[in-house]
Amino acid sequence: MPVLTNIRQLLTCRAEGGQEALHPIERAALVWEGDTIRWVGPEAELPARFREMPRLDAGGCLVAPGLVDCHTHLAFGGWRADEFRLRCRGVSYLEIARQGGGIRRTVAQTRAASEDALYHRCLGFLREMARLGITTVETKSGYGLSFEEELKLLRVYRRLQATQPVRLIPTLLAAHIVPPEYADRREAYLQLITDELIPHVARERLAECCDVFVEETAFTVEEARRILERGKAFGLRPKLHADQLHDGGGARLAAEVGAVSADHLEYASDEGIQAMARAGVVAVALPIATLYLRQRPMDARRFVEAGVPVAVATDFNPGSAPSYHLPLAMTLACVLCGLTPAEALKGATCYAARAIGRDRELGSLEPGKKADFILIDAEDVDHWLYHFRPNAVQATFIGGKRLEDHDATA
């Protein structure tokens with residue numbers, strides 16, 4: 001039962017108190033047994049039963065919960081750097097999509113990649129993400145868009161969960177776009193999702209959530225409702241890509257179906273925000289996508305003031321957010337979306353865990369929760385996110401084991 005001491009400040013990030021409440025403990029100690037936290041508090045108040053336990057020196061670091069990236073598209077083939085160049089010259093995301101680029105292009109590249117190739121690529125991504133302090137990652141399908149290809153991506157995630165330490169939350173995103181071969185048979189593709197994919201994925205326990213992209217180039221509110229309700233009937237938590245490029249009613253739909261989160265939300269209406277607040281839906285800010293698409297950022301302050309918890313994630317994907325650097329996303333959430341550093345950290349821990357339905361075990365440093373935590377070379381959260389560095393995280397612990405110890409036994 002190790003005891004972590006010499007902690008400058010420990011940020012517990014407990015749920016109570018709102019977006020900015022991190023519940024810090026100065027000169028703290030943290031005790032865990034196996035993969036579970038047993039005690040957190042000031043080092044001077046360490047209970048007698050723990051005083052003779054082996055100690056680890058935090059080196060005066062800031063300690064926070066392991067970061068939770070609650071929105072990624074981890075498994076994909078290829079990249080789309082040429083589209084980045086086109087957008088730099090003023091070509092819009094929608095124009096590129098209409099010309100056959102965007103998601104359709106990545107679908108073709110992903111279908112051409114083998115399951116083994118995707119597995120090893122994702123393994124590399126996850127190793128780098130863990131070094132950045134990310135201990136849990138939501139992982140969407142959505143670049144297969146056929147029965148077998150969607151299952152291929154979800155099998156990659158299952159294999160990754162069994163072979164590396166980062167916790168994965170798989171999400172079925174078969175409703176990303178309508179694939180080209182179904183362009184004139186839209187209803188047939190909807191039936192494939194609702195009648196074949198969702199039941200099979202649920203039966204094989206390949207996903208925990210079901211997501212839909214509600215947008216002009218993707219799916220309507222009515223189609224999304226149908227898919228998400230079907231997913232709920234099979235035990236898949238609903239999530240949405242909502243109101244990214246215009247107000248399409250996604251925020252209101254998220255509230256209606258009881259989604260765990262609605263993500264993007266740059267153009268969400270006041271009515272939609274109020275509905276999310278009443279329904280307890282988490283809003284997920286994705287500022288890396290905002291940066292790359294050069295679009296209007298999500299105004300996170302509107303959500304916070306309305307009582308909607310705001311999570312922060314990367315949206316890691318090859319087109320609109322080709323970075324898995326969650327601390328960068330947290331800094332951008334401050335610069336672009338109007339969160340304070342404390343609010344951004346709460347959004348990448350406690351509220352991000354809520355956005356994937358795992359807040360009872362992850363996202364804060366409390367007895368009974370998983371011993372996922374990070375040591376940060378910063379005097380406080382303000383300085384960490386203000387002074388952006390390639391990586392300020394000195395150590396990552398997942399389930400009570402330091403990342404290097406996981407690597408040594410892999």
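1. Thr135 sits in strand S7, residues 134-140. Strands here are DSSP runs of E of at least two residues, helices are runs of H or I of at least four residues, and both are numbered from the N terminus. This is a predicted model: local features need pLDDT of at least 70, side-chain atom pairs count only at pLDDT 80 or more, and totals for chains, interfaces and linings use all residues. Residues are numbered from 1 along each chain as its sequence is written, and side-chain values use heavy atoms, with hydrogens and water left out.

2. Thr135 is buried, at 1% relative accessible area. Buried means under 20%, exposed over 50%, and partly exposed in between (1.4 Å probe, protein chains only). Setting aside neighbours within four places in sequence, Thr135 contacts Gly66, Leu67, Val166, Arg167, Asp372, Thr396, Phe397 and Ile398. Contact means heavy atoms within 4.5 Å.

3. The structure has zero disulfides. A disulfide is a pair of cysteine sulfur atoms within 2.5 Å. For Cys61, the nearest cysteine sulfur belongs to Cys13, 16 Å away. Cys61 is buried, with 11% relative accessibility.

4. Cys88 is likewise in no disulfide. Its nearest cysteine sulfur is that of Cys337, 20 Å away. Cys88 is partly exposed, at 47% relative accessible area.

5. His383 lies in helix H15, residues 381-386. Its relative accessibility is 30%, and His383 therefore counts as partly exposed. His383 and Pro341 are 42 residues apart in sequence. In space, their C-alpha atoms are 8.6 Å apart.
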